[in-house]
Amino acid sequence: MDRKEIQKLESFFRRRFAMKDISVRQRPRKDDSAEVYFGDEFVGVVFRDDEEGDLSYNFTMAILDIDLEDV
């Protein structure tokens with residue numbers, strides 16, 4: 001993913017979740033995905049899927065059981 005694409009994704013996440021602290025960052029040596037952070041905390045990976053000309057993005061986020069105890 002190039003910087004322009006990452007900026008579009010970051011804007012989308014910020015609007016969708018109404019959180020200004022969300023950032024999308026390039027991954028070292030990977031061009032098909034980027035990392036998503038809330039502040040300084042890594043929360044997931046967004047993958048670029050461009051099969052047969054249909055472009056989409058898949059966001060994967062792990063939720064630890066200890067994080068659910070705070071709810």
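Here is a short walk through this predicted model, one selection at a time.

**Before you click**

Residues are numbered from 1 along each chain as its sequence is written, and side-chain values use heavy atoms, with hydrogens and water left out. Because the model is predicted, local features need pLDDT of at least 70 and side-chain atom pairs count only at pLDDT 80 or more, while totals for chains, interfaces and linings use all residues.

Start by colouring everything by pLDDT, the predictor's confidence in each residue, from 0 to 100. The protein has a mean of 93, and 97% of its residues reach 70 or more. Helices (H or I, at least four residues) and strands (E, at least two) are DSSP runs here, numbered from the N terminus. As a reading tip, where pLDDT is low, the predicted coordinates should not be read in detail.

Select Glu 5, which sits in helix 1. Is it buried or exposed? Glu 5 is buried, with a relative accessible area of 12%; buried means under 20%, exposed over 50%, and partly exposed in between, using a 1.4 Å probe and protein chains only.

The term stands for a side-chain nitrogen of Lys or Arg within 4 Å of a carboxyl oxygen of Asp or Glu. Glu 5 belongs to helix 1 (residues 3–17) and Arg 48 to strand 3 (residues 41–51), so this pair ties together parts that are 43 residues apart in sequence. Arg 48 itself is partly exposed, at 31% relative accessible area.

Stay on Arg 48 and bring in Asp 50. These two form another salt bridge, with their closest N and O atoms 3.5 Å apart. Asp 50 counts as partly exposed at 43% relative accessibility. With all three selected, you have a network of salt bridges linking Glu 5, Arg 48 and Asp 50.

Which residues does Glu 5 touch, leaving aside neighbours within four places in sequence? They are Arg 48, Leu 55 and Tyr 57, where contact means heavy atoms within 4.5 Å.

**Stop two: along helix 1**

**Stop three: the nonpolar core**

Next, select Met 1, Ile 6, Leu 9, Phe 13, Ile 22, Val 24, Ala 34, Val 36, Val 43 and Val 46. These 10 residues make up the largest nonpolar core, a set of buried Ala, Val, Leu, Ile, Met, Phe, Trp, Tyr and Cys residues joined through side-chain atoms within 4.5 Å. Helix 1, strand 1 (22–26), strand 2 (33–38) and strand 3 each give two or more residues to this core. Helix 1 supplies the largest share, 3 residues.

Zoom in on Val 43. Not counting residues up to four places away in sequence, Val 43 touches Val 36, Tyr 37, Phe 38, Thr 60, Met 61 and Ala 62.

**Stop four: the rings**

The structure holds 4 aromatic pairs. Rings of Phe, Tyr and Trp (its six-membered ring) pair if their centres lie within 6.5 Å; planes under 30 degrees apart count as stacked, over 60 as edge-to-face and the rest as tilted.

Select Phe 13 and Phe 17. Their ring centres are 6.1 Å apart and their planes at 10 degrees, so the pair is stacked. Phe 13 is buried at 4% relative accessibility, and Phe 17 is partly exposed at 40%.

Finish at Tyr 37 and Phe 42. With centres 5.6 Å apart and planes at 70 degrees, this pair is edge-to-face. Tyr 37 is buried at 13% relative accessibility, while Phe 42 is partly exposed at 43%.
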